[in-house]
Amino acid sequence: MAIALCQGAVPLSLANLGQALLHQGDPLHQTIIWELRLPRIVAALVVGAGLGLSGALLQGMLRNGLADPFVLGISAGAGLVAIACISLNVLSAWVPLGAWIGAILTAALVYGLGYLGGGLAIERLILAGVAVSSLFGAIQTTLLLLADDGRIQAALNWLIGSLNGRGWAEVSMAGPYVGVALIGGCLLARPLNLLNLGDELAVGLGTSLARSRLLIGAIASLLAASAVSMAGLIGFVGLIVPHGVRLLVGSDYRWILPFSALGGAWVLTFADLVSRLGAIELPVGAVTALLGSPLFIGLLYRRGRR
């Protein structure tokens, strides 16, 4: 955080940083820290923690290491509402709130489709998420083709994921939801440990499969929806971070969940720092993809050799 606060178009020393944080020294430095860099870094911490914990919850619930926060169609729902607002120039100021509502409603729709047939099955849930994502993705593409050239750039910037221009308003809007969901998610370690023993053994130990999966999925969806509403669609954080945490702490979700939140916050803060180092600022979603893809390929290669 200290390095990220010091780096930018106007580099600051640690002494200048300390003075600015205490509202002392050059007024320009104070404005840069309190109005530009600090809210952006706090947003990176909140979004990264939400995506990291959401990915760990979904991977544990679905017992699938390839699951991430967008497997239930959360990204597609948020993206559809955001692209509709931007491309049609309707309620453009309410894009974050609309994306949050779209993500929550899409997650509820996918869960409703997963429940059809008398119970909640993992395979049906994943297939419902894929189907809904494909449908909403096609509608997004159609809206982009019909949009004006000036709005396409804004829409693509949101779809890739960016922290540029994020301020205290975005943090105060989604931060409380993420904070409550982070605490609730870290308390779900016991049901996740039981679910990963297998359905039959988990039921024998007194776990309600449907209720546990519904609660875990609801908190994971809330985390991902809040993160998406702040920064757009940022990939690979929820996929890679839980894998890295498992290499460090093992398979006990009492450790995986809190360290996934911390790891996600660290990874996104680092990615945001990298995105601002060049002459042209890159979208942080592009940086996480560039960093995450080689790491994921390395994990697959390592697992394959084992």
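When I say helix, I mean a DSSP run of H or I with at least four residues, while a strand is an E run of at least two, and both are numbered from the N terminus. Before going on, please keep in mind that this is a predicted model, where local features need pLDDT of at least 70, side-chain atom pairs count only at pLDDT 80 or more, and totals for chains, interfaces and linings use all residues. Numbering runs from 1 along each chain as its sequence is written, and side-chain values use heavy atoms, with hydrogens and water left out.

Back to W100. The cut-offs are under 20% for buried, over 50% for exposed and partly exposed in between, using a 1.4 Å probe and protein chains only. Leaving aside neighbours within four places in sequence, W100 is in contact with Y177, L222, A225, S226 and S229; contact here means heavy atoms within 4.5 Å. Take S226: it's 126 residues from W100 along the chain, yet their C-alpha atoms are separated by 6.0 Å.

Staying in helix 5, we also find T106. This one is buried, at 5% relative accessible area. Beyond its neighbours within four places in sequence, T106 is in contact with L72, G73, G77, V132 and F136.

Now over to helix 11, residues 209-231, where S221 lies. S221 is buried at 4%. Again leaving out neighbours within four places, S221 is in contact with L72, I74, I104 and A107.

So what does the whole protein look like? Its secondary structure is 14 helices and zero strands. The radius of gyration is 20 Å, close to the 19 Å that the globule rule gives for 306 residues, so the protein is as compact as a globular protein of that length. That radius is taken over C-alpha atoms, and the rule is 2.2 Å times the number of residues to the power 0.38. Along its principal axes, the C-alpha trace spans about 65 × 45 × 40 Å.

Of the 306 residues, 49% count as buried. And if you look at contacts between residues at least 6 apart in sequence, 74% of them join residues at least 24 apart.

Let's go inside. Which residues touch the most other members of the largest nonpolar core? They are L57 and W158, in a core of 77 residues. Helix 3, residues 27-62, gives the most to this core, with 12 residues. A second, separate core of 10 residues includes C6, A20, I33 and I41. By nonpolar core I mean a set of buried Ala, Val, Leu, Ile, Met, Phe, Trp, Tyr and Cys residues joined through side-chain atoms within 4.5 Å.

As for W158, its contacts outside the four places either side in sequence include A78, A82, I86, V95 and V228.

One more stop in helix 3: A56. Its relative accessible area is 0%, so it's buried.

The accessible surface comes to about 14400 Å², with 69% belonging to carbon and sulfur atoms. Those areas come from the Shrake-Rupley method with a 1.4 Å probe, and for residues only the protein chains shown count as cover.
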